[in-house]
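Hi,

Here is the structure I promised to pass on. Have a look at it first, and my notes follow below.

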Amino acid sequence: MALYFTSINSGSNGNCYYIGNDHDAVLVDIGLTCKEVEIRMNRLGLSISKVKAIFISHEHSDHIKGLAVFAKKYKLPVYISTPTLRNSRLLLDANNTFSLSHQQHIQIGSLKVAAFSKFHDAADPYSFTVECNEVRVGVFTDIGSVCDRLIAHFKNCHAAFLEANYDAQMLENGSYPYFLKRRITNGRGHLSNTQALELFINHKAPYMSHLLLSHLSKDNNDAALVEKLFKNVAGDTFIKVASRHEESELYYVTNSQNTPEPYSFDPSLYQPAQLNLF
């Protein structure tokens, strides 16, 4: 069974990632408004009825902006760590909110979601992998530095969203104040292009078919530069930058996949969501 995945949006203006199979799906973070997530899923032909849970990486606004409204409207369980929930100051349904912990595995229908802690300047931040039938897709963004936990999960992924936030020279020569530059680069901020590239070169699985470069800085990076940087060493791995302005195409990955390509959805499996936008 294939896993389908797309970036609903990726960047400091909002983050949301969809991963699922023909029957079940999860969202990682909802940093756009409920209405905007609905619109973008509808354009992709993705039915919200297949979404069975929401996983939250940390409490920064670009990851939780639409969470409360979306979860309430669709009565979806939210998996969020206790410190993250406390610092988010969101009011969620206590009966449908579940705590996360390091190295936890959660079964969501036919999907197995693994959560593990990461380095980021938040209360209790997590990365995730989503697995079905030994096919794994990872969501690895908002990471200050590469650690053994990240390496262990990354090298077992068939596809991944991987942060390539900034070009070191662009950041150093840019207009950000000194304290913000240091916050980004201090090991609890974001991954640079070079750090992400080293992880990819040294630890990607030979069967990794897709890499979506994610959470690029608007001011300190260049999408064309990053895409070229990774494509030069990608081999058979499909490389794409996840946009900060629109949803990506819907991709899929299987154990036997050889040629990565966008998934042309079957309308019988992915009926457009019935939207209530008002």
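Is the crossing of H8 and H9 left-handed or right-handed? In this predicted model, H8 and H9 cross in the right-handed sense.

Some more on that pair. Helix H8 covers residues 193–203 and helix H9 covers residues 223–231; the two pack at an angle of about 25°, and their axes lie 11 Å apart. Because angles under 35 degrees count as roughly parallel, H8 is roughly parallel to H9.

On the H8 side, the residues that meet H9 are Asn 193, Ala 196, Leu 197 and Phe 200, and their partners in H9 are Leu 225, Val 226, Leu 229 and Phe 230. Sorted by class, this contact has 7 nonpolar residues, 1 polar residue and no charged ones.

Next, the buried side of H8. Its buried residues are Asn 193, Ala 196, Leu 197, Leu 199 and Phe 200. Viewed down the axis of H8, these fall within an arc of 160°, so they line one face of the helix. An α-helix has 3.6 residues a turn, so residues three or four places apart point the same way. The buried residues of H8 pack against H9 and also against helix H5 (148–154) and the strands E11 (159–163), E12 (210–214) and E13 (238–241).

Cys 34 counts as buried because its relative accessibility is 7%, and buried means under 20%. Leaving aside residues up to four places away in sequence, Cys 34 touches Gly 66, Val 69, Phe 70, Lys 73 and Tyr 74.

Best wishes

Key. Residues are numbered from 1 along each chain as its sequence is written. This is a predicted model: local features need pLDDT of at least 70, side-chain atom pairs count only at pLDDT 80 or more; totals for chains, interfaces and linings use all residues. Side-chain values use heavy atoms; hydrogens and water are left out. Axes are lines fitted to C-alpha atoms, for helices over the stretch in contact, and angles run from 0 to 180 degrees between N-to-C directions. Helices (H or I, at least four residues) and strands (E, at least two) are DSSP runs, numbered from the N terminus. Angles under 35 degrees count as roughly parallel, over 145 as roughly antiparallel, 65 to 115 as roughly perpendicular and the rest as oblique. A crossing is left-handed if the near helix is turned anticlockwise from the far one by less than a right angle, and right-handed if clockwise. Contact means heavy atoms within 4.5 Å. Ala, Val, Leu, Ile, Met, Phe, Trp, Tyr, Cys and Pro count as nonpolar, Asp, Glu, Lys and Arg as charged, and the others, Gly among them, as polar. Buried means under 20% relative accessible area, exposed over 50%, partly exposed in between (1.4 Å probe, protein chains only). The arc is that of the directions from the helix axis to the C-beta atoms.
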